[in-house]
Amino acid sequence: MINISNSLTFRLVAGTFISFLIPSAVIAEDARLDFFEKRIRPVLVSHCYKCHSTESADKGKLKGALALDTRKAMLKGGESGASIIPGKPTESLLIKALKYSGLEMPPAEKLPPQVIADFEKWITDGAFDPRDGNISIKKPGLSIEEGKKFWSFIPPKKFELPKVRQNDWPSDPIDFFVLSKMENQKLTPSPMAKGSTLVRRLYYDLTGLPPTEIQLTNFLKAFSENPAKAKLDLVDSLLSSHHFGEKWGRHWLDVARYADSNGKDRNIYNYHAWRYRDYVIDSFNRDVSFDQFVREQIAGDLLPAHSHEERDRNLIATGFLALGSKSFEESKPEVFRMDVIDEQIELVSRSVLGLSVGCARCHNHKFDPIPTADYYSMAGIFRSTQPLYGYSPKGIKATAFAHTELQAIGPDAEKLGPAGLAYFAKLQELTLAQNISRSDRYRVVRRLSAARIDIKKPDADKAKLEADIIKMEQEIKEWDAKVKAHETALQLAMDNPPRMPDWAMAVREREKAEDCKIHVRGETTNLKETVARGTLQVISFTDAPSIPNHQSGRIELAAWLTDRRNPLTARVYVNRVWQHLFGRGLVSTPDDYGVNGSRPSHPELLDHLALRFIDQGGSTKKLIRALVLSSTYLQGGADESQGNGKSSDPDNIYLSYMRPRRLEAELLRDAIMQVAGTLDRAPLPPEKAFLAKYNPYREDEYRTFQPLFTPEQIENPHRSVYLPVVRGVLPEIFGLFDFASPDRSTAQREESIVPAQSLYFMNNEWVIKQAGLLSGQLSKDDKLDDKGRIKTIYRRAFSREPSSLEIKRALDYLNRPELLLADPKSKKQPDAMQLRIERLTSFCQIVFASAEFRFVK
Amino acid sequence: MLKTVSAGFGYTALQGIAAQAAANETKEINPSGPLGAKKPHFPAKAKRVIFLCMRGGPSHMETFDPKPKLSADNGKASKNQNSKLLGSRWKFSKHGQSGIEIVDLLPETSKHADKLCVLRGMHTDNENHPQALEQMHTGSFQFIRPSLGSWTLYGLGTENQNLPGFISINPLTSLGGLRYYSSAFLPAANSATLLGDANRPIRNPVIGNVSNNRLAPTGQRQQLDLLQEMNRELLIRDQDSRIEGLIQSYELAFRMQDALPKVMDVASESKSTLARYNADETFGRQCLLARRFAEAGVRFIEITHTDWDHHGFLTGGMTKNCAAIDKPIAALLEDLDNRGMLDDTLVIWGGEFGRTPDDPTTDGRGHNNKGFSMWLAGGGVKQGMAYGATDEHGYEAIEGKVHTHDLHATILHLLGLDHEKLTYKYGGRDFRLTDVHGKVVKDILA
C-alpha cells in the first residue's frame, strides 16, 4: 500500500516503477502516466486527499466513505457509488461533483474549467491510474458481524444475584443489583421515605394524581399500624384504578407520537384518532401483555378475532401506523408515499427497538449496523400496507392520486362501510366541482379587474375593453349561477348522510404485496436493486418464518419484534418504565441503543428486568409492582440520605436516594384541578371525545388548514390525557411545560426551566381562576377557620401537614394588607369579604407555583 | 440544565436588588444558564439579527433585480407553456455612490442603497410556500428542525437576561408556521417568544401572561416573596439545582414583566420618529419594536409582512406592499446607523422565493425558487454591493448563486459561528442548521 503521507516525488517514482512492470504497454502508458502524474494526481493530492484518503480515514476525517488515493478505491467509490466509470466521463460522479452538478466538490471552490477538462480527458482515455494498493478504508460504524457483538444486540443474560454487605436491605432481586453497585461506589442507601412522602410518590407514579385528603388520611393511619401491609394494599389498589391507564397509557402515547391533527402544512384533524388513545389507556388498564400490545398495533388487522369488539379493538390498534404527520403539500405521489413509509419505519424502530433505522434511508447507517438494504426490506413491508388515515381534501396534490380511506368499525361495519366511503367520495367530488367552478369564476373576476385598470390608461383601446367588460360581467353572472348550483348540491349531500358506521384510523394490506427497491440517497428517481421484505440483519433468528409472497409481512415483523430472543424490545421497554419511576433510565438514552447511545449504568439489572418481564408474560403491572415495592424505590430523598449520595452522585446514577421529579404538563394541570376541586375524574365518555361531535367533513377547515382551538378545550374538566393534541396548537400549559412533541416518537421529554413558565404561574388567568375556585370553596366552609383552611391546602397540595411555623407564616400573609387592584369591570374597590377571599386566592396561587407542588419527591 | 452553585445557592444575591443589578448578578452566578451569554467560535461581526420576513415570495423583478430585457420582450412567449413574458410596470433607478438599481416603488429605502448588500442570485429547493418558508427558517423542509433564531440563541445566548433572546412579532401561524420559530430538539429555552399573529396582525402585539390585572406590583412582590421563601426552604432541604433554577426563573420573570412592556411601550418615542416609521401601521410598529428590542439586547428579532403572493393583482399588490414597508425599513436602517448599531446588527430582508418573469394572466407572476433577491445590511457585510445575477429575464440565478444553506452559513459566520461546528446531538446524530450543505459567501464579507 502506498503511504500517502509521502511526497509527490515518491509517488512519481512508484508510478514509474509500476509502469516498467508492463513492458508491452510502455510507450502508450508513458504518455498516459505522464498525463496522470502532471494533471491528475497533483489535483487529487491537494484538493481531495484531505477528506478522501487512507490517511483521512485514519484521522476519522473520511467523508462520504470515499477514498481517492488508490485505483481500486476510486473505482469502488463511496456512499454515492463509483466515483469514476473509465471511458464515460458524463456518467462519472467525480465529474458531476467537479462541475457542481448535484454534488459540489471540492466544497471550498469550484476548480478551474481547464482542470475539469483534464479530468474528463483522463476518464475518456480510460482513467489510467498507476496507484496500486488495496482499499483499506474501514467504514465508519459497525458491520453487521461487529454489531452482533455490541452489547445491545447480544440477548439479555441471566445473572446470579450479586453478593452485598448490607444484606438486610434488599427486598427484591432488583435491590441486590442496585446495592452491589452502591457499595462499589462506597455509597449507603437512604432510609425509607416518610409515609407522607411515599403516599404522594405512589399516587403520582401509579395514577398521575395526588392523593385526596381522605386518601391521605386513610393511608397514613394504615401506615402507622402496619407499614408493609399499607404499602402493598395501596399499590394493589392503585394498580387497579382506571387512572393507572391514564397515567401509563400517556407514556406510550408519547412514544406513539399520538395526535388529533395532521400537523405540517395541512393541519387537518384526525377525527377518529381518539379511539386509538382510548385503546392505549384501556390496554394498560387491562394489563395486556406487551407482546400482544405490539402485535395488535403492527398487525391487528391480520389477527384472528372472536367478536366484533375484539376485531374493532385490533383494527383501532393499527391506528398506530396511520397517525403520523404527512406532507399533504408534497406534489410527487411517490415521494409522498415513501415519506409516509419512512415515518412508519422510524416510528416502529424507535418505539419498540430504541433505534433510529430512518438514518439508513439515504445511506448505510453511519454508526449502527443497519445497511440501507435493511431499511428497504422494512420499507417493502410498509409499501405493501395501506394506511387508512381518512379521505383527503381535494386540491391536495399527492393524496388526490392516493385514494385514502378509513376503517369502518362497529357491529354493522361490513354492511355500512362501503356506502359510507362512497358517500365521502361523493362529498369529495362535489366539493371539487364546487371549487373548480369558484376558481373559474374568479379567473374572470381577475381579468375583469385588470381590464378596468387598463381602460383608464391613455393608450387604451377603450371600445374593445368596454365590450370585453360587458361580456365578462355577463360571464360572471353565469358563473354565479353555476357556483350556486354546485354549492346547493354539496349542501344537500351534506345534509343527507346515509346511515354511517363508526370509523377508525387503521391500516390494511394492499391488494398486491411488493418488495421495495433500494433508493439511492433516498431519491425516488434513483432506484437500484430490489430487496426482499424482511427485518434487520443484525437481529436475525435462523428459524424465523419467511414472509409469504402475497402478504405484507407485518405478522412476521410483529413476531420478530416480540420474539423473546430479540435483544432490544424488552430492554427498551423495561428501561422506559424504570425511567418514569426513577427519573433516569438505566440506559439514559432511551431511544438510542446504538453505538452513540449511552451504555447501561446497571447492565446486569437491565438484563434481569428484561428477562423477568418476558418470563412474567410481558405484564406491565407486575413489572411496576415489583419496582415500586423495591427498597430502592422506597428510599427517601437527598435530605434523608446518609451516604452522602447527593454530593458524590448528583445525577443519582447509583440510586442511593430518590431524586425529586418534575410534574409533567398533564400532571400539573390535573393536580391543580384536583386540588381546586374542579377535576372530573371519570374517564372521558366516547360521545364527549373532542372531535366526535364535529361533522367529519368541514370545508372551511380545508380552506384555512388551521384547526380552531377553543378555550372550552382547556376548560374541559376531564384529565389532560383526554385533551386534543392538535399538532402545533397545543394547549398553553402543554407547550410551556415540555409536553412531548407529537411530531415524532419521544421516549424522554425535555425538562426546561424558562421564565415563561414562571409568568404562567404568576399571571395566567386559568391558574388564578383555579386558585380562586379553591379559595372560594374553602372560604364558604364555615367549619374551617383560616388555620384549618391552610391545613387543608397543605394536605391537598403537598400531601402533608404544615409545620406550626408554616401555619403562622401563612396566617401572617393572609392578614397582610395586600395591594389589590380595583375590579377592572366595576372599578369598585374590593370589600372586606372580597379582600379576604382574594388574599386566600393569592395564597393558593403561591402553593400552585411552589417548587414543592411542581416536584414529586 | 442550570448548574448548582456551591456556595449559598446564589439566592441571597437575588433579594432586594434593583432589577438590572440582579440581572448582572445572575449572569455571574449562573453563566451557564440555558440562555447565558456564550462566546462565539471566532470574533463576531454581528451581535444580533433583525430578519424582515416577506411572506409569499416578493417579486425580484419588481424590487431589487432590474430586467430591461424582460421589459423589452414584454408580451413575447415564455418558455413556460401558456404564459407570456411580463415586463415590470415600474422603473428602476440608480442610487447612492454604489449606483445600485432599485425599483422606484421604494424611494425611502433607496436612500440607504449604500448600506445594502443585495443578493440577486438567491435560490432554494422548493417552490411551495410552506416548504420554502420552512427551509428559509430551518434549513429543512422535510424534517422538523430548529429555527435560525434558535440556533443563533443556542450558539450565543442572550445579551439581556430580562428579555427573551429570540422574538418573532406577528409570526406566521397557519400552514405549519409555528415550526418556523421552534427550537425543535434544541433546549426549549431557545424557542421564539411569539408576539401577536400574522393572521390577525395587530399594532400592539402582546406577550402572554406578562401582566397581572389583580395585584399591584407591590402586592405581587409580596406574593413572590412568600413563594420564594418557601422555595428556598425546599432548596435547602432537597439541594436540587432545578429548584434553584426555578427560583431564578421566577426572579427573571418578575423583571421581564417590568422590562418587556417598557421596551414595547413606544410612548417615549418622538412624534417625528413615530411618523418616520409609520408606527400607526402594523409593519411600521414592528420595525420600531425591532429597533427597540435590538437596543435592549434581544439576540434575534424577526418581523413579518405577508401577502406577497401575487398570482394576480401584481400592480395593486406591489404598490400597496412597497408603500407599507418602504418608510419603516428606511427609518430602521437610519436609526440603527445613527446609533452606531448597524455595525453589529445584521438586517436581512427577503421572502421564501421570488417570482416568474411570466404569467398566464396579464397582472401576476408564479412562484420561482430558482432565482430571487434578498438583501443584507450591516453586521459585517459589504455595503453598497449588488452580488450575483439572474438571467436576462429573471428565470433563474446564474451568477453569484447563493442557496438558502449558503445564506445560513454566511449569517452564522457573521455571528462568529462556524456552521459546521454549531451542532447539537439528537437521536444519536450531530445536527447542523446547514445539514451537510452550505458555503460561506466570502465575496460579500466586509
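**Strand pairing, then a helix pair**

I looked up B:Ser168 and found it opposite B:Leu194 in strand β7 (residues 193-195) of chain B. This is a predicted model: local features need pLDDT of at least 70, side-chain atom pairs count only at pLDDT 80 or more, and totals for chains, interfaces and linings use all residues. Residues are numbered from 1 along each chain as its sequence is written, and chains are lettered from A and ligands numbered from 1 in the order in which they are written.

I then took strand β6 (residues 166-169) of chain B. Strands here are DSSP runs of E, at least two residues, and helices are runs of H or I, at least four, numbered from the N terminus. β6(B) pairs with β7(B) in the parallel sense over 3 bridges; pairing takes at least two DSSP bridges. β6(B) also runs parallel to strand β8 (residues 300-305) of chain B, with 4 bridges. There, B:Ser168 has B:Glu302 as its bridge partner.

Are the faces of β6(B) buried or exposed? B:Phe166 and B:Ser168 on one side are buried, as are B:Ile167 and B:Ile169 on the other. Buried means 20 or more other C-beta atoms within 10 Å of the residue's own, with C-beta atoms placed from the backbone.

Next I checked helices α9 (residues 282-295) and α10 (residues 314-338) of chain B. They pack at about 15 degrees, with axes 8 Å apart. Axes are lines fitted to C-alpha atoms over the stretch in contact, and angles run from 0 to 180 degrees between N-to-C directions. α9(B) and α10(B) are therefore roughly parallel, a term for angles under 35 degrees.

Terms used
Parallel < 35°, antiparallel > 145°, perpendicular 65-115°, else oblique. Buried ≥ 20, exposed ≤ 12 C-beta atoms within 10 Å, placed from the backbone.
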